[in-house]
Amino acid sequence: MEQELKDLKVELQKQGIFTTTLEEIYNWGRKNSVWPLTFGLACCAIEMIATSMARYDIARFGAEVFRPSPRQADLMIVAGTVTKKMAPQVVRLYNQMPEPKYVIAMGACAISGGPFRDGYNVLKGIDRYVPVDVHIPGCPPRPEALLHAFITLQKKIDAQQLRGEGRAHHLKADTPSEYPVPDFGSHDLEPTHNDEVFPPKPESPFKVLP
Amino acid sequence: MPEHPWRTVIALLIGAVAFGITPLALARVWARYFSPQKPGPDKNAIYECGLESKGDAWIQFDSAYYLYAIIFLIFDVEAVFLLPFAVAFTGLTMGAAIAMLVFLLLLVEGLIWAWQKGLLTWA
């Protein structure tokens with residue numbers, strides 16, 4: 001049935017008649033007006049700023065409107081090292097963004113802690129607390145890499161469904177829009193990660209001999 | 001029946017108001033029926049750059065600004081008036097000189113008051 005509809009659409013297009021669905025037009029509008037949060041944590045932010053400027057020009061993709069408030073933002077680009085001191089604020093900002101919201105973790109630090117991974121004060125990836133849609137490796141990633149991540153996100157938005165079981169996260173009434181903000185413990189953040197978004201590693205089939 | 005001279009203006013006024021209100025009303029309807037409403041304690045909290053806001057926003061605080069205003073008058077505004085006064089001093093009438101001296105006296109009074117209050121010493 002679905003394939004037939006797609007074929008029909010292609011046939012109609014050949015005759016010069018364009019058809020669309022509400023879902024397609026809704027996602028087309030959303031993916032071309034993603035507003036990021038003005039928010040930089042470390043050196044990756046410089047690359048993010050470069051991406052928004054004339055040479056790399058993220059405005060081509062409709063994402064030049066960096067918002068100074070989470071209330072108006074759709075996308076959080078976590079650009080840089082997330083220290084443990086900063087992690088609760090980052091999670092709280094994510095919580096304060098309205099649905100639908102997306103996260104790009106930019107650079108080695110944001111996805112894993114990067115070169116500071118062994119530091120006592122560095123969070124080993126923001127995906128421990130908030131759901132990350134696109135990870136970008138690199139130290140720092142070039143603006144082209146951020147653009148690539150952004151196009152990947154656009155493809156993801158474009159594929160989101162409006163109805164049915166597989167509909168987008170933000171359209172399900174019972175899925176949470178907020179994630180717990182970690183507290184400062186005596187040695188580490190408490191909890192150290194959120195099981196909902198950062199499931200524990202599957203047990204290794206190999207056993208370490210005593 | 002002749003047309004009312006204001007008819008066009010009124011029609012344009014109604015058009016202009018409708019032009020502004022219609023998109024706002026559409027946005028309101030869309031927000032009411034289609035937007036995914038997911039309020040929560042964090043989202044409804046005051047935005048303080050990610051930090052938790054502490055205390056009440058409705059507090060009174062002692063600005064003490066009037067002290068700076070008086071000192072500013074004495075040392076800045078007075079100087080602005082003293083310079084032309086000094087330049088034109090030889091050609092001034094008696095009345096003008098007395099008026100200026102009264103003005104100076106008032107400000108010197110302020111200076112003495114500020115001095116007594118201990119404003120001129122570093123806190």
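How many of the 10 residues of helix α4 (residues 87-96) of chain A are buried? The model is a predicted one, in which local features need pLDDT of at least 70 and side-chain atom pairs count only at pLDDT 80 or more, while totals for chains, interfaces and linings use all residues. Residues are numbered from 1 along each chain as its sequence is written, and chains are lettered from A and ligands numbered from 1 in the order in which they are written.

Eight of the 10 residues of α4(A) are buried, so this helix is largely enclosed by the rest of the structure. A residue is buried if 20 or more other C-beta atoms, placed from the backbone, lie within 10 Å of its own. Helices (H or I, at least four residues) and strands (E, at least two) are DSSP runs, numbered from the N terminus. The buried residues of α4(A) are A:A87, A:V90, A:V91, A:R92, A:L93, A:Y94, A:N95 and A:Q96. They pack against β1, β2 and β5 (189-190) of chain A; residues are in contact if their C-beta atoms, placed from the backbone, lie within 7 Å.

Two of these strands belong to an open sheet of chain A, whose three strands have the order β1-β2-β3 with parallel pairing. Strands pair if DSSP finds at least two bridges between them. β1 (75-79) and β3 (134-136) of chain A stand at the edges with a single partner strand each, so one side of each has no neighbour in the sheet. From one strand to the next, the twist averages 15 degrees. Between β1(A) and the parallel strand β2 (residues 102-106) of chain A there are five bridges, and A:L75 stands opposite A:Y102 in β2(A).

Five of the five residues of β1(A) are buried, so this strand is largely enclosed by the rest of the structure. In a regular strand the side chains alternate between the two faces of the sheet. On one side of β1(A) are A:L75, A:I77 and A:A79, on the other A:M76 and A:V78, all of them buried. Helix α3 (residues 44-52) of chain A lies across β1 and β2 of chain A, at about 135 degrees to β1(A). Angles run from 0 to 180 degrees between N-to-C directions, and axes are lines fitted to C-alpha atoms, for helices over the stretch in contact.

Chain A also holds a helix pair. The axes of α2 (residues 22-31) and α6 (residues 143-158) of chain A come within 9 Å and cross at roughly 155 degrees. That makes α2(A) roughly antiparallel to α6(A), a term for angles over 145 degrees. A:N27, A:R30 and A:K31 in α2(A) meet A:Q154, A:I157 and A:D158 in α6(A).

Helix α2 (residues 65-87) and helix α3 (residues 94-117) of chain B have axes that come within 10 Å and cross at roughly 155 degrees, which makes α2(B) roughly antiparallel to α3(B). Residues in this contact include B:I70 and B:F81 in α2(B) and B:M100 and B:L107 in α3(B).

Finally, the chains meet each other: 16 residues of chain A are in contact with eight residues of chain B.

Terms used:
Contact = placed C-beta atoms within 7 Å. Parallel < 35°, antiparallel > 145°, perpendicular 65-115°, else oblique. Buried ≥ 20, exposed ≤ 12 C-beta atoms within 10 Å, placed from the backbone.
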